[in-house]
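Reader: I have a new structure open and would like to learn how to read it. Could we walk through some features together?

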Amino acid sequence: MFNAADHTYMARALELAARGLTTTAPNPRVGCVLVRGGEVIAEGWHERAGGPHAEAHALALAGVAAKGTTAYVTLEPCSHYGRTPPCADALIAAGVARVVAAMEDPNPKVAGTGMARLAAAGIETAVGLMEAEARELNVGFVSRMTRGRPWVRLKTAASLDGRTALNNGVSQWITGPEARRHGHGWRARACAILTGIGTVREDDPSLTVRDVPCERQPLRVVVDSRLEISPAAKVLAGGNALIFAAVPDVEKSAILATQGIEVVVLPNAVGKVDLAAMLAELAWRGINEVHVEGGEKLNGSLLREGCVDELLIYQAPILLGDKARGMFGLPELSDLSGALRLSVVERRVVGTDSFLRARLA
């Protein structure tokens, strides 16, 4: 169905889509290439939510030259009115002859209707070229649309013996500057950065993107069951933060509201924050990808409750000993059959440290 040229142009469309890695949320990252007779007529990508979609961007650049082209798009053209008109209609109006989409749009408002509308207008259509790569680029958007929850990455930095901090809480810095910069790259692509009240109390982190280019700062989210956070905590500076608690505190919430901080109360049966409900709430707010930087208690809770999709583990060539703090607060096992199984996606050296990316099997 697809030839070498098709693969070349779709690969280029995916490169363009990746330019919106940190800017398109809550929308997906999409690229488009218009080709006729082996010549690229125009290119476009979705730069940010509310702006032109990739197809509209490319069509505007091509003008009347778009007629008769093949459009390579990393996601099925939309068929509904959102902030912008349907891209399927724009492609039809421009006289495009063929549309190749990497994947069907998982959004129930589209879900095949975009390609169907194109086919009904006499345009040749095909779906599935480099689909795995397209899904990976928008793993959070797909998760939100199909599971009703964001894609959750849990990042931790540890010693070779799996320790994240000394017993007294000191943890800065276990890994080197290259690993920390690499970690900020993962922060930048996330829609939200999540931590727990324990980390806020001990480290007072800002949880902002710093060492890499980023046009917008992700939402900062704190899990704080008893709403103990200080209004002066760095993570709350400038607003753009959300706190999940398990018990209401009207007075404290009112104080935080004056700083632009919202408190959402979501208790579970044992008086802690309902983590699954928290993820559903974040999805409702348009959060596609969550980047977790917490302590072993929060990390363990998220893993135990099935709220983690991917682990980002940085390990430094040092040993901290048995008394130092671990990565995940998980219960003791009596049988290996109960172990959490991981699938390794990536291994590499970052500066003097090692990096492992793995997914829950």
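Reader: Let's start with strand β8 (residues 192-196): how many of its residues are buried?

Author: First, the ground rules: this is a predicted model, where local features need pLDDT of at least 70 and side-chain atom pairs count only at pLDDT 80 or more, while totals for chains, interfaces and linings use all residues. Residues are numbered from 1 along each chain as its sequence is written, and side-chain values use heavy atoms, leaving out hydrogens and water. Strands (E, at least two residues) and helices (H or I, at least four) are DSSP runs, numbered from the N terminus. Buried means under 20% relative accessible area, with exposed over 50% and partly exposed in between (1.4 Å probe, protein chains only). As for β8, 5 of its 5 residues are buried, which makes the strand mostly covered.

Reader: Which way do the side chains of β8 point?

Author: In a regular strand, side chains alternate between the two faces of the sheet. Here Ala192, Leu194 and Gly196 point one way, Ile193 and Thr195 the other.

Reader: Which strands run parallel to β8?

Author: Two strands pair if DSSP finds at least two bridges between them. β8 pairs in the parallel sense with β9 (residues 219-223) over 5 bridges, and Leu194 faces Val221 there. On β12 (residues 289-292), 3 bridges make a parallel link, with Ala192 opposite Val290.

Reader: And what do β8, helix α8 and β9 make?

Author: A right-handed β-α-β unit, with α8 covering residues 197-203. Right-handed means that, with the strands pointing away from you, the path from the first strand over the helix to the second runs clockwise.

Reader: How do I describe two aromatic rings?

Author: You use the distance of the centres and the angle of the planes. Rings of Phe, Tyr and Trp (its six-membered ring) pair if their centres lie within 6.5 Å; planes under 30 degrees apart are stacked, over 60 edge-to-face, and the rest tilted. That rule gives 2 aromatic pairs. Tyr9 and Tyr72 have ring centres 5.4 Å apart and planes at 40°, so they are tilted. Tyr9 sits in helix α1 (residues 4-17) and Tyr72 in strand β3, 63 residues apart, and both are buried. Tyr314 and Phe355 are tilted too, because their planes are at 35°, with centres 4.7 Å apart.

Reader: Where does the charged end of Arg19 sit?

Author: Over the ring of Trp45, 4.6 Å from its centre. The rule asks for NZ of Lys or CZ of Arg within 6 Å of the ring centre and within 35 degrees of the ring normal. Likewise, Arg180 has its charged end over the ring of Trp173, 4.4 Å from the centre.
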